[in-house]
Amino acid sequence: MKGKVIFIGAGPGDPKLLTIKGYEAIKNADTIIYAGSLVNKEVLNHRQKDSKVYNSAQMDLNEIIEIVEREVKNNKIIARVHTGDPSIYGAIGEQIRELKKKDIDFEIIPGVSSVFGSASALELELTIPEVSQTVIITRPEGRTPVPEKESISSLAQHNGTMCIFLGIGMIDKVVEDLKKGYSEDTPIAVVKKATWPDQEIIKGTLNDIAQKVKSAKITKTAMIIVGNVINPGDFNPSKLYDADFKHEYRK
């Protein structure tokens with residue numbers, strides 16, 4: 001046996017949203033390093049009783065890689081468990097770079113992003129014909145800068161469906177930037193802890209959402225979704241199920 005790292009997307013919160021492949025990887029892992037600040041610990045309930053468990057919320061990159069390197073040398077399988085899908089703001093790029101330097105094998109198991117957990121909580125289709133056919137996934141600039149052309153105010157010019165991570169703590173600035181592209185009456189929703197038992201939803205417009213968020217005392221762990229898909233009104237259906245639309249599966 002040769003040791004390896006398996007990056008696993010644990011989903012947005014509900015442990016039943018863990019994929020079967022992710023479930024099996026955690027079940028068979030010798031060592032687990034999980035993002036304890038966000039991952040629902042219930043996804044680890046089926047791990048081996050003698051597996052080692054580390055919470056990466058208390059660690060820096062070097063400490064994580066040190067554990068990985070030590071365990072891989074002992075031919076151990078390491079489950080690196082991230083929240084949502086690890087490819088979105090999961091900081092796996094920097095981990096993968098280090099693994100490649102050290103010639104450590106790895107694979108990635110995707111997960112259900114909180115973007116889609118939030119959409120399901122809001123009972124939304126993010127892409128409605130003639131309303132929005134584009135989904136922008138982004139974050140505001142904070143301690144981590146963003147490229148100038150990817151600022152929220154720039155992206156707002158597209159008027160597509162925008163899903164904003166890590167912005168709830170600066171909701172006033174986010175709304176100010178969104179108004180540079182969207183009209184003030186554009187619908188917007190905030191989903192705190194999507195799919196968790198204590199999930200919370202707030203809806204409004206760009207005019208009133210900031211005050212609603214402050215009144216609800218939501219300061220973290222929330223997704224912001226803005227765009228007309230939240231309240232599309234009457235709209236034309238897609239061609240997919242149009243009786244008059246012919247394609248190779250429906251003559």
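This is a short tour of selected places in a predicted model. Residues are numbered from 1 along each chain as its sequence is written, and side-chain values use heavy atoms, with hydrogens and water left out. In this predicted model, local features need pLDDT of at least 70 and side-chain atom pairs count only at pLDDT 80 or more, while totals for chains, interfaces and linings use all residues.

First, select helix H6, residues 171–178. Helices (H or I, at least four residues) and strands (E, at least two) are DSSP runs, numbered from the N terminus. The buried residues of H6 are Ile-171, Val-174, Val-175, Asp-177 and Leu-178; buried means under 20% relative accessible area, exposed over 50%, and partly exposed in between (1.4 Å probe, protein chains only). These residues lie on the same side of H6, because they cover an arc of only 165 degrees around the axis, taken from the directions from the helix axis to the C-beta atoms.

Next, select Asp-177 in helix H6. Asp-177 has a relative accessible area of 9% and is therefore buried. Apart from neighbours within four places in sequence, Asp-177 is in contact (heavy atoms within 4.5 Å) with Ile-152, Ser-153 and Ala-156.

Then move to Leu-166, in the loop between S7 and H6. Leu-166 is exposed, at 52% relative accessibility.

Finally, select two loop residues. Asn-75, between helix H2 (61–73) and strand S4 (77–82), has a phi near 60 degrees, a positive value in a residue other than glycine. Ala-91, in the loop between S4 and helix H3 (92–101), has a positive phi of about 55 degrees although it is not a glycine.
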